Amino acid sequence: MPTASGVGLRLPHLTDVVATRPPAAWFEIHPENFLANPHAAELLVDIARDYPISVHSVGVSIGSASGIDRPHLARVRALVDRIDPIFVSGHLAWSTHAGEYLNDLLPLPYTSETLRIVSAHVDEVQDALGREYLVENPSSYAGFSTSTMTEVEFLSELVHRTRCRILCDVSNIYLSAHNLGFDADRYVAELPAEVIAELHLGGFEPEQGGGEVLIDTHGSRIAEPVWAFYARALERFGRKPTLIEWDNDIPTLDVILAEAARADAVSQSTAETKPCPRFLRSSA
């Protein structure tokens with residue numbers, strides 16, 4: 001399992017990666033980009049011979065009340081079997097309704113009923129894939145007045161019920177804390193560190209018009225305050241495979257690889273320091 005940082009393998013870079021074999025530690029792919037593109041899938045299989053691959057679905061909607069799209073999940077399983085990825089992951093969100101796919105990852109209220117539905121869906125996904133599934137914390141812009149537990153409590157209980165693990169998006173925590181007004185450091189302190197399998201870092205932008213809301217665009221470099229927050233999160237979690245996400249306004253691959261190198265430098269520097277006491281979990 002790699003401890004170095006990986007980068008998202010997006011279609012504009014696919015042929016370059018096949019031709020040049022750049023110095024990336026590992027790649028993450030969205031399976032939906034390859035399921036209907038046989039040529040891209042063949043190139044991916046070739047790349048997977050030389051690089052670890054992580055599969056990060058944006059179409060397995062574990063939060064949809066109408067249930068999992070089983071034909072889509074079967075197609076994901078077929079691709080997973082071809083490339084044998086190091087991780088398979090998806091979002092704590094919903095994106096389908098009445099057979100329609102929505103081009104967004106929509107939020108959930110954190111209630112016992114939502115937990116029952118999401119747990120059943122995670123069990124179904126893990127059974128269908130024949131492997132562990134990682135669930136990613138979302139980027140948030142509004143909360144639900146009907147929620148009866150925090151996001152950390154919800155994720156912790158989901159892990160307990162299903163034995164899934166967590167893909168901790170560090171940038172999403174920072175962004176959501178800013179938008180909703182909670183303490184990002186406390187969020188990290190309360191997450192069960194032993195079930196964190198992977199970390200994500202991505203760029204965000206202020207909303208258009210100069211508003212205060214941060215939007216998870218994945219279209220820019222990692223913000224400077226997030227690098228400092230990432231270092232503090234590593235004090236809590238230890239070194240974890242970290243993925244640099246860049247999905248919009250995609251630059252040349254060397255720019256994204258440079259962000260991965262910076263993540264490695266932060267991780268190495270943090271590993272050489274002692275854990276910060278404020279990240280020790282309370283027994284209360």
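Q: A pocket is an open set of grid points with protein on both sides within 12 Å along at least five of seven lines. In this predicted model, what volume does the second largest pocket have?
A: About 380 Å³. Of the 20 residues lining this pocket, Y110, T150, E151, L180 and F182 sit closest to its centre.

Q: Which helices supply at least two residues each to that pocket's lining?
A: That would be α5 (151–162), α6 (170–180) and α7 (184–190). The largest share, three residues, comes from α7. Sorted by class, the lining has 11 nonpolar, five polar and four charged residues.

Q: What makes a cavity something other than a pocket?
A: A 1.4 Å probe fits in a cavity but cannot get out, whereas a pocket is open. Counting those of 30 Å³ or more gives one cavity. The largest cavity has a volume of about 40 Å³, and among its lining residues are S57, H91, W94 and L105.

Q: Why are α8 and α9 called oblique?
A: The axes of α8 (residues 224–237) and α9 (residues 253–271) cross at roughly 40°. Angles under 35 degrees would count as roughly parallel, and roughly perpendicular starts at 65, so the pair is oblique.

Q: Which hand does the crossing of α8 and α9 have, and which residues make the contact?
A: The crossing is right-handed. On the α8 side the contact includes W227, Y230 and L234, and on the α9 side R262, A263 and V266 are among the partners. By class, the contact has six nonpolar, two polar and four charged residues.

Note on methods. Residues are numbered from 1 along each chain as its sequence is written. This is a predicted model: local features need pLDDT of at least 70, side-chain atom pairs count only at pLDDT 80 or more; totals for chains, interfaces and linings use all residues. Side-chain values use heavy atoms; hydrogens and water are left out. Axes are lines fitted to C-alpha atoms, for helices over the stretch in contact, and angles run from 0 to 180 degrees between N-to-C directions. Helices (H or I, at least four residues) and strands (E, at least two) are DSSP runs, numbered from the N terminus. Angles under 35 degrees count as roughly parallel, over 145 as roughly antiparallel, 65 to 115 as roughly perpendicular and the rest as oblique. A crossing is left-handed if the near helix is turned anticlockwise from the far one by less than a right angle, and right-handed if clockwise. Contact means heavy atoms within 4.5 Å. Ala, Val, Leu, Ile, Met, Phe, Trp, Tyr, Cys and Pro count as nonpolar, Asp, Glu, Lys and Arg as charged, and the others, Gly among them, as polar. On a 1 Å grid over the protein atoms alone, a cavity is a set of points where a 1.4 Å probe fits but cannot get out, and a pocket is an open set with protein on both sides within 12 Å along at least five of seven lines; lining residues have an atom within 4 Å of a point. Grid points are joined across faces, edges and corners, and a volume is the space filled by probe spheres set on the points.
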